[in-house]
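Have a look at the structure with me first.

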Amino acid sequence: MSRPGRVGCPMPKPDVPDIPLDQLLPADALRADAPRLPELSEPEVVRHFTGLSRECYSVDSNFYPLGSCTMKYNPKVNEWASALSGFAHVHPYQDTSTAQGLLCLMYELERYLAEISGLDAVSLQPCAGAHGELTGLMLVRAYHDARGEKRDTILIPDSAHGTNPASSALCGYKVVQLRSNEEGMVDLAALDANLGPHVAAFMITNPNTLGLFERNIVKISEAVHRVGGLMYLDGANMNAILGITRPGEFGIDVMHFNLHKTFSTPHGGGGPGAGPIAVRKSLEPFLPIPRIVKSGETYGLGSARPQTIGRVRSFLGNVGVLVRAYTYIRSLGPDGLKAVSVAAVLNANYLREKLRPYYDIPYDGRCMHEFVASAVRQKEKGVRALDIAKRLIDFGFHPPTIYFPLIVPEALMIEPTETESRETLDQFADALIAIAREADENPAMLQDAPHHAYVARLDEVKAARELKLRWKPPA
Ligand SMILES: *Cc1c(COP(=O)(O)O)cnc(C)c1O
């Protein structure tokens, strides 16, 4: 599109002397040829980038059934609030007396998350779910250390999220994986066999990555507490249980939230998140500093805590995400938050039942906010979960999570969320049903899907192993 001399914005003639480059730079710093930069008008540039942005899929453009990620629609009122200049332009080195509104918001957000979790104290510092896990496990360690106990093992069911064993290992713990039984629940015999004075904590994702609520959670908590261990909850799936049950009531001692999932901040593509942790009183002395403190009507930062694990984040965390979560909680209120989970669970069960005749659905009973289907039936025809995911792109949908959790072969992990209408769910189910038919009738066509996308089937392994980050102009 480039035309010599075409410019985006006109510049005035320079009013300083024109000096040739070779009088300013040494010869070895000069190019032999001028760079091939495109010369374009402003509208051409704007249209180019707007066009590229339309090739991107987002939850503002269509349904995003990405299991375990809670890709729900994020209300725009959250964006409005986080862009208010008192929040957006506050500087971390500002005196706290001039940031009272923000500190009040953070103080109240801590109280709301404590109420939602049924636990006593909250730190907003961790800036992602996995960071919350690491911080929570550091608290577990500090707690046992303070009691003079040497415990080196974290027990983790095989239905946990992959970050759970990773965070445990990063924190210096040994990980023992517990198998699930045929109902997708923790095998209590396996738990018993592994409990002992070496266990620092039991770390559970509940609802788990199969989308199932652990029915024996109270029994498990009691057994772990009996041997002096603590209970850690990966709370990334709070979208399923808001206002219905509270982790503090089923025996959890420490948990993290994923504000960017459950409490509605746009995420993905490495965008900012927030992974606050909530703890029982017994763990509060170890929380990161600074703490948000209130004395009278004044808010401040408190760092005088002898047993703290220290800072886990510069300044106050990802404040923009905290403002969005606060806005989301305040705009919905307690009844609204409960309605979120009721609708999220209803939507997942609706889709699951619509797909049941066409795909294998392991594990009986009801699911929570997400479910796992399996393409084992389609695989007999040579069509894999990957092919189905790629074909969905042709139907205009973002593919679901695939090959996770690992305990289901050819897994398709679907989380519709509460923000989708019945019509959208029906369209998505129709697409998956049409693909199941195609798998029967024309499996070869699926094996190189997508056919109507911006790019065809990519070699994902090659893309990951042979990164090409340098752009070379066409010869
Ligand atoms: C997303 C997720 C995590 C990790 O959270 P990040 O914010 O991506 O670090 C952990 N556990 C579960 C169950 C999740 O879904």
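**Backbone notes**

I began with Pro450, which sits in the loop between helix H14 (443–447) and helix H15 (460–465). I found the peptide bond from Ala449 to Pro450 to be cis, with omega near 5°.

Before going on, I noted that this is a predicted model, in which local features need pLDDT of at least 70, side-chain atom pairs count only at pLDDT 80 or more, and totals for chains, interfaces and linings use all residues. Residues are numbered from 1 along each chain as its sequence is written, and side-chain values use heavy atoms, with hydrogens and water left out.

For the element names, I kept to DSSP runs numbered from the N terminus: helices are H or I with at least four residues, strands are E with at least two.

Next I looked up Pro290, in the loop between strand S7 (277–279) and strand S8 (291–295). A cis peptide bond links Ile289 to Pro290, and omega is about -5°.

Then I turned to positive phi. Ser264 is not a glycine, yet its phi is positive at about 70°. I placed Ser264 in the loop between helix H9 (259–262) and S7. Is Ser264 buried or exposed? Ser264 is buried, with a relative accessible area of 0%. I use buried for under 20% relative accessible area, exposed for over 50%, and partly exposed for in between (1.4 Å probe, protein chains only).

My last entry is Tyr403, in the loop between strand S11 (401–402) and strand S12 (411–414). Tyr403 is not a glycine either, and has a positive phi of about 55°. Tyr403 is partly exposed, at a relative accessible area of 28%.
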